[in-house]
Amino acid sequence: MRIILLATSLLFSVALTAQTLKVDELICNHRENPIGIAVNPPALSWKLIALGRNISQSAYSVRVSTETGFAKNSIVWETGKTNSSESILIQYAGLALKPATRYFWQVKVWDQNGKPSEWSKPAFWETGLTPQDWKAGWIEPVQDTSRYIPAILLRKEFNLGGKKIQSARAYITSHGFYEMHINGKKVGDQVLTPGWTSYEKRLQYQVFDIKSLLTNDANATGVMLGDGWYRGSLGWTANWGVWGKKLALLCEIRIAFTDGTETNIISDGSWKSSQHGPITLNGIYEGESYDARKEIKGWDRPAFNDASWPSAKTLDISRDNLIATETVPVRVVSEIKPIKIFKTAKGLTVADLGQNLVGWIKLKVSGPSGTKIKIRHAEVLDKTGNFYTDNLRAASATAEYTLKGDGQEVYEPRFSFFGFRYISIDGFPGELTNENITGMVVHSDMKPAGSFECSNKLINQLQHNIVWGQKGNFLDVPTDCPQRDERLGWTGDAQAFCKTATYNMDVAAFFTKWLKDVSTDQKADGKVPFVVPDVLRNDGTSAGWGDVATITPWTMYQVYGDKAFLENQYGSMKAYVDYIRKKSGDALLWKGGSVFGDWLFYKSMAQTENDGFTSPDMIATMFFAYSADLVSRAATVLGKQEDANTYRKLYEDIKNVFNKNYVTGEGRVSGESQTAYVLALKFGLLPETLRKKATQYLVDDIKGRRNHLSTGFLGTPYLCHVLSENGFADVAYDLLLQETFPGWLYPVKMGATTIWERWDGQKTDSSFQDVGMNSFNHYAYGAIGDWMFGVVAGIEPASPGYKKISISPTPNPKLSFAKASYESRYGKIVSGWSNNNGKMVFNIEIPPNATAIIRLPGAKAETVFESGKSVAEGFTGFRQENNDLVFETGSGIYSFEYR
């Protein structure tokens, strides 16, 4: 075989032309220009922008100032020229940061030849408040404690006396949802604030720049409060008001004037409140009822007569649980128009959005006053084409709007969200058209990170479904589902999917926040709850669910290179493993440790076929070993060598016990399920001498099922990885490409636009699975995306954070091409391959300041040429591994052709 590097004229020009080095995409604590971060030294990262090959950074200089001009007397930190190739997570080490202060920063770098860049464009971060910095106090509007109450309005007027404003910020949080207005306009574009945390211990506040909303004279602020996660129903409808039965507000407006003076508008007893606004009912599961006839004109503007409104009550509540927002905001991220509006056989008017989404409907309507429109939400239609909501269980998931009748009216829910593809509209006056309906897509505003495409359209739809499942369920916390009376932060789902999540979107800030809630809700004895925030409060834990405490921090560290994930979570990781060690006793067998087993594994209806059942006790012991292994690794990274040795020995001891109790001398794992073999192989629990046999047993089971899987939530994420790591990538492809139940493409062929909770949520005859648990937007089985990016396309971190990249694609004749891209902290990584009648082409892109280990299957160094030179001449560290050529390279664009 002869392999020739395709060097296009573009590539030659890139290689030979002098390059301009730039610094761009500056981020602070994994966010761009964050406002309101904790008053702690932040971590600063940047990217090098340059065409060409082997571009790297040899030195950097960072400067931080309180002014955009970077005048000498405003500099609070300046590194000077620092010889280092590091360009991510540089810790600020300047003067002590002050609260409520904006800091500007710039970076200059030197390339591998010592040539400097220009200073980057300034970026900034702005600190928030410590609990001691707040001047405002908590206030409670007049309200009752019955289950359902209207959304509450609060207001405050203030006059700035004609003074010119320099800057203005609003610091705000609440018990319940809030929406803040100033002078009749909504503040910011965030929704469902203040987000969802373990409120009694961690309550986020938001910071908004409100200068543009204020006048120099009379002003008014109004805040609307709704039940939200704080007061609403959670974890089945009888469970409401988990954190409290009353809504409350904490708000502080800080205004600085050009004359050097300042003023503060704070929540106190001078604020007025009303229970008589237009939102008459609101709830996460219930939906929202809005009566436009009850709108109070001018309530959020100056000169409103609020004499009849009672004053708010001041509360003596500690502010020690207040935290700066660490995650990305929840926003309306995109909009979708219906693809079809039709009448069902039962006479309902239904609109099909064409996509199972999370958010709500924006309604545009004109009609007589008092007209009531009811919007119900559904994920699917039944087999006869009728509207289907049985799987929502007790969630009414309904938006009601009553017209005021004064021309065109526009309505969007504020204090609820829905999971749906279809809506049923009752009571709409006149003909319903696309102009009347817009689907508003809502999720945590994570920056897209990756893309995957191949020659199989069903696989492309699968990737689409994985991404939309992540969008719908990453709404401030990683939830299991977004539609029924649940929508909880199930820990097992999150740990199963977290690696795939990183390929699709930048989830560093998202998981920074949520993992701290995991450790916050962790019990004193080390147990990790089933859901976080812990609304169930049943004192339970389960193997594979509690292990989110170890698996997810380690995964985030590997992907983003940020030791803070391990530093922040190490105590939690260690406490969880110590809890299991205590429960397992001297036997080191975690009996009773798995409540959920391999959740939703395949169960055959045929008497002659084995199902996918795996012993829960064995699962528990396997995850015990894996978590001990991860704690040992984390301890090594953090320099805790004594702990590293302790937990390494624990892992080895559990491994020995596992083999003694669950593995035969021929390498058969107890129960012989796919998940049993997958976990034993993936967690390194089998002796090297038995791995080949165990893998063959796994393959035999798959083949015996006619290339079908039988795994559940715990086995599925690792299944294809185990096969490809042990020489059976072809079998992994067979599973991926399987179009019949159970398999990833069965839901795709049934019309799915997101990942389903069950392999057969809708059966081949179009009837449905158990209505008690049948979500059509449940991302866990979408964990196959990790294998698609990391094995099919071959993009993996070879060192934490992708400073060194592994490019090891795995072509298969059943696909004619596959390609993926991933936006790492260093820049864009691309790996793609194509097979055109036996001619293989590999296209690879490595970002500046990173290096790569490239593996070309079936190649030899002397037959691969680049710009007239063989790999042996042009690359370093090349070697033959079996039938593959492996070599190292720096940044650049590469294209290799097999002949």
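In the predicted model, the charged end of Arg 63 sits over the ring of Trp 119, 4.0 Å from its centre, and Arg 668 lies over the face of Tyr 697 at 3.8 Å from the ring centre; a charge is assigned to a ring if NZ of Lys or CZ of Arg is within 6 Å of the ring centre and within 35 degrees of the ring normal. Local features need pLDDT of at least 70 and side-chain atom pairs count only at pLDDT 80 or more, whereas totals for chains, interfaces and linings use all residues. Side-chain values use heavy atoms, with hydrogens and water left out, and residues are numbered from 1 along each chain as its sequence is written.

The structure holds 53 aromatic pairs (rings of Phe, Tyr and the six-membered ring of Trp, with centres within 6.5 Å; planes under 30 degrees apart count as stacked, over 60 as edge-to-face and the rest as tilted). The rings of Phe 474 and Phe 510 are stacked, because their centres are 4.6 Å apart and their planes lie at 10°. This pair links distant parts of the chain, Phe 474 in strand β36 (residues 474–475) and Phe 510 in helix α5 (residues 508–521), 36 residues apart (helices are DSSP runs of H or I of at least four residues, strands runs of E of at least two, numbered from the N terminus). Both Phe 474 and Phe 510 are buried (under 20% relative accessible area, with exposed over 50% and partly exposed in between; 1.4 Å probe, protein chains only).

By contrast, Tyr 602 and Phe 741 form an edge-to-face pair, since their ring centres are 5.5 Å apart and their planes at 65°.
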